[in-house]
Structure formats: C-alpha cells, structure tokens
Amino acid sequence: MGAAASLGFVAACGAPAANNGTSGGANGNGGKVDTAGAALDPNAKGPAPEIPGAKKGGILTVPYTSTPANMDPSDQFYQDTAVIFSLTHRALTTYVSRDGKQVLVPDLATDLGKASSDGLTWTFTLKDGIKYEDGTPVKAADIVFAAKRSFDPDLAANGPTYQREFFKGGADYQGPYKGDKNWKGVEAPDDKTVVFHLEKRFETLPYFVSFNQFTPIPEAKDKKADYQLHPLATGPYMFDKYTPGTELVLKRNPNWDPATDPARHNYPDGFHFKWGVDTIKTQTAILASNGDDATSLNWDPIDSSLIPQIEGEKKAQFEEGPSSCVLMVNLDATKIPLPIRKAIAVAWPFDSIHKAGGETTHSFSPASTIIPPQIPGHLDYTAEAAPGVKMNGQGDGNPEMAKKMLADAGYGASKPFELTYYYTNDDDTAQKVNQVRKQALEKAGFKVTDLGVPNKERRKLIGKPNGKYNMLQSPRGWCFDWPSADSIIPPTFGTIALSQGGTTFGNFSDAKIDAEIKRIQQLSITDQGPEWGKMDKWLTETYLLAIPDNNDKGNSVFGTKVHNVHNNPNKGMPDLNDVWLDQ
C-alpha cells in the first residue's frame, strides 16, 4: 500500500502532494458528483474518438509539490505517477471517460479477459501490431516478466500486493531474480497469450491488470534498478529527459499506433513535469498565465489565499471533483468498547477541526459512508451514534450527550475513560487541529493523552498494530484502487491485513466480517456492488470501527491556453490524455 503524503494516511493509491492535512478540490460542476464507472466495455476499439475543437501542438508543463521516488513501472502505487504513466505505458486494460463516467476497456488485450468456469484461470490475448518505442513488437512473455517483476522485494517494494494474495503461489514468490525459476502463477504459452493462475476467485482482476505492474517489460532490456531511468514506452509519449527528483520531459513516441488504442490521444507535442515546486507561487503564476504559465497545469490543492480568484474571475481556470479517497476517524476497537466509540462520534468536532486545518468545501465534502459516492453499489445512508445524532461528518459535537453516554457506561469525573493518540508536533496546522480535538474531547468528559511526535516518527508509530494509542492509528483513510468496493473493504476491515503486520480500521479481527467479505468476493462484479453497500452500513451500525469523516476532492489549476481539463474520479486528478493547448 502506498503512503498518501498529502493526508498522512496509508492508502491503496497514495495521493501525491503534501499539504498539512488539507486535500485538494472544488466543485466546478455545480456540486454534482461524477461517477467512477464499474462499467465494462470489452468491445471498445481504437482509435479514441476525437475531441471536438482539439488542436495538436505545444508543450504542457505540469509543476507540482511532491516528487516521485522513482519512475520504475513495477514500483508505482501513487495517483500522480499513474497519470504520468498513462501517457507513456499501456497495460492489458485501461479506462476511458464517457459522459463523466469511467469505463474499463481493453488496452493491449483484445478484450477484458476470459475466466475459466471455476474462476481460477484468466486468459488474455494481445492485439496485433503493438510495438515499443524502438519498433520491436510487444510479446506476451514481456507482460509475464513484468508481472513476475512486481513481486521483487527491492524493485517493487512500494507496489500493490493483490498479486501476492490472489496469484497461485504468490504469497512466497520473490520475483524473477530472487524467486523460484519455475513459478507458474502467470505464464505465456505463446507470443499472444497471457494466462493468470489464481489461488481464489478474483472477479475484479480485469481492473487490477490496468496497473503499471502489467505494462510489458522485455526481460532482455531490463536493467533492474536502472530501468526506471528510461522504461520502454508503448503509449503515445516516451521519456526524453529524466532527472530523478527534479523533472521529466516526454516527447512523442513514433511507434504508437492510435488505431490499436481506444483510450489515448496525443494532442500536445510533449509534457514537462517539474517536481518540488512552491504551491502558492506556482498557482499564482498559472492563474496570471504569462508566458509558459499559460500552458501549465498544477494539481496540488488550491491554496486558500487564491480561493477568491478561482471563485471569481479565474473560475474558468479551475477544475475540481471527487478523488478516490475517504477519510475516517480510526478507533482501536480492541481497546475502546462500542459504547465509548459511539460517545466519541457524538463528541467529535468536525467543523472546528476542518476550520483549524484550513480546509474548505473546495478540499472536501462531508462523508457518512465508508464507500465513496462514485463507487457502484454505494449505499447512501446515515447511521446514528445516539438517538437523533447522525454520523454525517458535520457539526461540532454534543459534549453533554457524550458525557451522559460515558456515565451510562460507568465512566465519570472520578473514573474518566482515557483516549491516547499520536499527533504531529512539528507542524503548526497539525498542532492547531490537535488543540481543537483535545479540548472537545475533554469537554465531553474524556481524559486525553496526546503524544506529540515529529511527522516522520508519527507515521511509523501509528502503523504499529500494538502501539500505545487507542485511536487515530493508520489508516487515516483509504483511496480505492479501482472502482469497486473490493479494493476498499477487504484491505481495511479484513483480517488479512492484520495477519501481514499492518493496521486496519478498528485493528479488529472478526470471523463474521471475514466470512461476509469472502461471500461477496465470490459474486460477479455486477452483483458485488450492492452487497458491499449493505456491508458498509452493517459495519458502521454494528461495529463502528471508524467514524466516517469526509470525501477528499481533487483540484486542477491551469493556464488560459490549456483546454479540456476534466477530473478523473478514480484518481482525483485530471485525464492528461484528453488535454489540448492553444498556441
């Protein structure tokens, strides 16, 4: 799982930026929530439909705050690098946007795969005519090698781990260099066929194989740790200049064939990514749009000082929309009884915490569910922590009611219930947030032991399953890996994450929860959706392992010559494949 630097929580797909707890976004579409499609179109063909009015030419500059650790396809698990790699690398499947909805389509494969009757074998056939940037053909063995490479403990240390859980023999496999030479979890019987062998059914495998871990890598061209300096492109763009930690320049790939690609365009001549920039200076310059700033785009959260501009005369240069992340107030259910967890929910000062964190409705929307609204099967419900007290991520709490709930549970002034958590003490915003949180909880009758530690140290401490805390452990929230709740609930509430030494919502292991996860995972993708929605409600109303807080939003600030910027609700970031520039 990737660490979401911007939000300080462990996430499936980590958010790219650092912003002291605020998270980007506004609502440029009038408050309507875009839908991340679980729709499947196995018959989609290239080329991608032309965008009306789009022009070719120009360089899109993308400066932003954070810096990718590397550009190795096997090691990517963050939204920003996923967007960059969507320009340069193709996988077995990918997404297209249709009427604001994301739809999964074949990319390198001819369809979305064929499963055996028992669901334990999946077969994908490659299209004809796919080439690398050097003109050599893509072969099935290259995708098999890439899949195997994603198990390497060094080359893919930060990548996803679904393959370890689902691929046959994946739990112990160590990749092509250190692992069993005879491992057959993925194999290529010929140049056009890729076969996956599974330990258990994985109905959403077609989503998973859209990841960068399934972009082809020829074994003969692999340079291990140095491969990231120039990974061979299959998309419309290729690496031109890459300075690790500083910048990446892309140019057109002459061997990309749009006739084989249903998802991508190549309107700009190239892209220039700049890392580690100052957010306020960058966004201010882009809104002014002088020189190259007119053809620039930034996807950091909008700085509060610029909100008057993007709500006023610069409104056309700003796009917002939902991201894949939901934030929660995590409670350790092994240390805090359910009645006390409900009292915490009643006392929680949502509004004051957001204000102290400098957040506005441009960066979040209140949440009442674990699954975000854009996921198919999302059940719109609002549970109650006490009669008449809705858990909707809003309000400033009811300390008197919380105090009575504590008294009913046997706690009072002479015997207070102690809440212990870590907070960041080397960041002004985090300290302001903690002051608000602590005062509210103490007013409700809790004894609060707040352990202040530096940010880097805190990340390690909140990820230890047996830490000193009894609340606010990792994860702070979760970003889905694909638009289906099987990439949300199993890794955050199932026992498997705890068995691998991680922390979960509630740090709680329960046979009923595991059994329900297993039951739903056996269903078809279509049938899974509503069942995950029901489980979402059941988990909150029955267990309350974490209190729903807010849905994160994504932002884009762009120059006056940048056109067709749309938020991707699967990532909370723009689809760069659809952007075009005025000259």
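Helices (H or I, at least four residues) and strands (E, at least two) are DSSP runs, numbered from the N terminus. Keep that in mind for every element I name.

This is a predicted model: local features need pLDDT of at least 70, side-chain atom pairs count only at pLDDT 80 or more, and totals for chains, interfaces and linings use all residues. Residues are numbered from 1 along each chain as its sequence is written, and side-chain values use heavy atoms, with hydrogens and water left out.

Backbone first. Look at the loop between helix 12 (455-461) and strand 21 (477-479); Pro475 is there. The peptide bond joining Ser474 to Pro475 is cis, with omega about 5°. Gly46 and Pro47 are also joined by a cis peptide bond, with omega about 0°. Pro47 lies in the loop between strand 3 (35-40) and strand 4 (59-64). Then there is Lys224. Its phi is positive, about 55°, yet Lys224 is not a glycine. Find Lys224 in the loop between helix 5 (205-208) and strand 11 (237-243).

Now helix packing. Two packed helices are described by the angle between their axes and the distance between the axes. Axes here are lines fitted to C-alpha atoms, for helices over the stretch in contact, and angles run from 0 to 180 degrees between N-to-C directions.

Take helix 8 (residues 338-347) and helix 10 (residues 399-408). They pack at about 170°, axes 8 Å apart. So helix 8 and helix 10 are roughly antiparallel to each other (angles over 145 degrees). In contact (heavy atoms within 4.5 Å), helix 8 brings Pro339, Ile340, Lys342, Ala343, Val346 and Ala347, and helix 10 brings Met401, Ala402, Met405 and Leu406. By class, that contact has 9 nonpolar residues, no polar and 1 charged. For the classes, Ala, Val, Leu, Ile, Met, Phe, Trp, Tyr, Cys and Pro count as nonpolar, Asp, Glu, Lys and Arg as charged, and the others, Gly among them, as polar.

Next pair: helix 15 (residues 511-521) and helix 16 (residues 525-542). The angle is about 165°, and the axes are 10 Å apart. That makes helix 15 roughly antiparallel to helix 16. Among the contact residues are Lys512, Glu516 and Gln521 of helix 15, and Gln528, Trp532 and Trp538 of helix 16. The contact of these two helices divides into 7 nonpolar, 2 polar and 4 charged residues.

Last, the lining of one cavity (on a 1 Å grid over the protein atoms alone, a set of points where a 1.4 Å probe fits but cannot get out; lining residues have an atom within 4 Å of a point). Which residues line the second largest cavity? Phe166, Arg201, Phe202, Glu203, Thr204, Asp486, Gln521 and Gln528. That lining has 2 nonpolar, 3 polar and 3 charged residues.

Methods:
Angles under 35 degrees count as roughly parallel, over 145 as roughly antiparallel, 65 to 115 as roughly perpendicular and the rest as oblique. On a 1 Å grid over the protein atoms alone, a cavity is a set of points where a 1.4 Å probe fits but cannot get out, and a pocket is an open set with protein on both sides within 12 Å along at least five of seven lines; lining residues have an atom within 4 Å of a point.
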